[in-house]
Amino acid sequence: MEIPQIVGAGMIVIGAALGIGRIGGSAMDAIARQPEASGKIQTAMLIAAALIEGIGFAALFAS
């Protein structure tokens with residue numbers, strides 16, 4: 001691997017981690033506001049995190 005590919009891969013991983021962290025934080029805020037909807041919020045959070053992670057893996061393999 002050359003340097004630009006390594007830097008690009010690092011940026012992909014950092015971006016995916018920030019996205020998943022933001023989803024988790026927003027989900028915790030939403031659960032704190034509406035505890036009765038925690039099941040639906042957690043389900044949506046896990047699906048969104050899985051999609052972000054999948055896009056991150058696809059981008060890593062493409063670079």
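**View 1. Buried residues of helix α2.** In this predicted model, the buried residues of α2 are Ile41, Met45, Ala49 and Gly56, and these buried residues pack against α1. An α-helix has 3.6 residues a turn, so residues three or four places apart point the same way. Helix α2 itself covers residues 38–62, and its 25 residues, at 1.5 Å a residue, should span 36 Å, which agrees with the 36 Å that separates its end C-alpha atoms.

**View 2. Alanine 9 and isoleucine 3 in helix α1.** Isoleucine 3 belongs to helix α1, which comprises residues 3–33, and alanine 9 lies in helix α1 as well. Alanine 9 has a relative accessible area of 14% and therefore counts as buried, the cut-off being under 20%, whereas isoleucine 3, with a relative accessible area of 62%, is exposed because it passes the limit of 50%. Between the C-alpha atoms of alanine 9 and glycine 39, which are 30 residues apart along the chain, the separation is 34 Å.

View 3. Met1, Ile3, Ile6, Val7 and Met11 make a nonpolar surface patch of about 580 Å². The protein chain as a whole exposes about 4,700 Å², of which carbon and sulfur atoms supply 71%.

**View 4. The whole chain, for context.** The protein chain has two helices and zero strands, and its C-alpha atoms fill a box of roughly 50 × 15 × 5 Å along the principal axes. Its radius of gyration is 15 Å, while a compact globule of 63 residues would have one near 11 Å; of these 63 residues, 14% count as buried.

Notes
Residues numbered from 1 in each chain as written. Predicted model: local features only at pLDDT ≥ 70, side-chain atom pairs only at ≥ 80, totals over all residues. Heavy atoms only, no water. Patch = residues over 30% accessible without salt bridge, like charges linked within 9 Å, V, L, I, M, F, W, Y side chains within 5 Å. Areas by Shrake-Rupley, 256 points an atom, 1.4 Å probe, with all protein chains shown as cover. Salt bridge = Lys/Arg side-chain N within 4 Å of Asp/Glu carboxyl O. Helix = DSSP H or I, 4+ residues; strand = E, 2+ residues; numbered from the N terminus. Buried < 20%, exposed > 50% of the residue type's maximum accessible area, 1.4 Å probe, protein only. Expected span 1.5 Å × (residues − 1). Contact = heavy atoms within 4.5 Å. Rg over C-alpha atoms; globule rule 2.2 N^0.38 Å.
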